[in-house]
Amino acid sequence: MDKNQIRQALLNICQNAIEAMPGGGKLKLRLGMAQGAVFVEVTDTGCGIPAEQLPNLGVPFYTAKVNGTGLGLSIAYSIINAHNGRIEVNSQVGQGTTFRILIPAVSA
């Protein structure tokens with residue numbers, strides 16, 4: 001695993017979470033193991049993502065932000081995919097969002 005790439009993916013997801021809470025809120029990170037994978041969950045109490053936007057997350061240059069480039073999540077998705085992982089998203093408008101990054105566990 002390339003720790004610098006994983007760090008970049010997490011930073012991009014956390015940056016989006018912070019921006020989803022312009023009036024403040026809570027950002028929670030949780031680590032664990034599930035389904036034969038190591039996971040990191042990034043949960044915010046922000047504005048949430050409408051269901052119709054979820055399929056476009058990670059698509060290069062797709063953004064719902066006024067000043068966004070659409071590259072932050074695209075890069076995060078590409079990094080996690082390169083590590084044979086995946087990103088799951090659960091969001092409710094007005095309540096917040098959880099990004100769950102799963103990367104297959106490998107025994108040493």
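Which residues does Ile87 touch, not counting residues up to four places away in sequence? We'll get to that in Exercise 1, after some ground rules. This is a predicted model, where local features need pLDDT of at least 70, side-chain atom pairs count only at pLDDT 80 or more, and totals for chains, interfaces and linings use all residues. Residues are numbered from 1 along each chain as its sequence is written, and side-chain values use heavy atoms, with hydrogens and water left out.

**Exercise 1. List the contacts of Ile87, then look at the largest nonpolar core.**

Step 1: take contact to mean heavy atoms within 4.5 Å. Leaving out residues up to four places away in sequence, Ile87 touches Ile13, Ala76, Tyr77, Ile80, Phe99, Arg100 and Ile101.

Step 2: go to the core. A nonpolar core is a set of buried Ala, Val, Leu, Ile, Met, Phe, Trp, Tyr and Cys residues joined through side-chain atoms within 4.5 Å. Buried means under 20% relative accessible area, exposed over 50%, and partly exposed in between (1.4 Å probe, protein chains only). The largest such core has 17 residues, and Ile87 is among those with the most contacts inside it, along with Ile13, Val42, Ile80, Phe99 and Ile101.

Step 3: ask who supplies it. The elements giving two or more residues are α1, β2 (37-44), α2 and β4 (96-104), and the largest share, 5 residues, comes from α1. Helices (H or I, at least four residues) and strands (E, at least two) are DSSP runs, numbered from the N terminus. In soluble globular proteins, nonpolar side chains tend to be buried together.

**Exercise 2. Describe how α1 and α2 meet.**

Step 1: get the geometry. The axes of α1 (residues 3-19) and α2 (residues 72-82) come within 9 Å and cross at roughly 145 degrees. Axes here are lines fitted to C-alpha atoms, for helices over the stretch in contact, and angles run from 0 to 180 degrees between N-to-C directions.

Step 2: read off the contact. From α1 come Gln5, Ile6, Gln8, Ala9, Asn12, Ile13 and Asn16; from α2 come Gly72, Leu73, Ile75, Ala76, Ile79 and Ile80. By class, that makes 8 nonpolar, 5 polar and no charged residues. Ala, Val, Leu, Ile, Met, Phe, Trp, Tyr, Cys and Pro count as nonpolar, Asp, Glu, Lys and Arg as charged, and the others, Gly among them, as polar.

Step 3: zoom in on Asn12. Asn12 counts as buried at 13% relative accessibility, and beyond its neighbours within four places in sequence it is in contact with Gly72, Ile75 and Ala76.

Step 4: Leu73, Ser74, Ala76, Ile79 and Ile80 are buried in α2, and the buried residues of α2 pack against α1, β3 (86-92) and β4.

**Exercise 3. Is Thr97 buried or exposed, and what does its side chain pair with?**

Step 1: Thr97 sits in strand β4 and is buried, at a relative accessible area of 5%.

Step 2: a polar contact of 2.7 Å links its side chain to that of Ser91. Such a contact is a pair of N or O atoms within 3.5 Å; within protein, one must be able to donate a hydrogen and the other to accept it, and residues adjacent in sequence count only if both atoms are side-chain atoms.

**Exercise 4. Where do Gln35 and Asn84 lie?**

Step 1: Gln35 is in the loop between β1 (27-34) and β2, with a positive phi near 55 degrees.

Step 2: Asn84 is in the loop between α2 and β3, with a positive phi near 60 degrees.

Step 3: Gln35 is exposed at 58% relative accessibility, and Asn84 is exposed at 63%. Most residues other than glycine have a negative phi.
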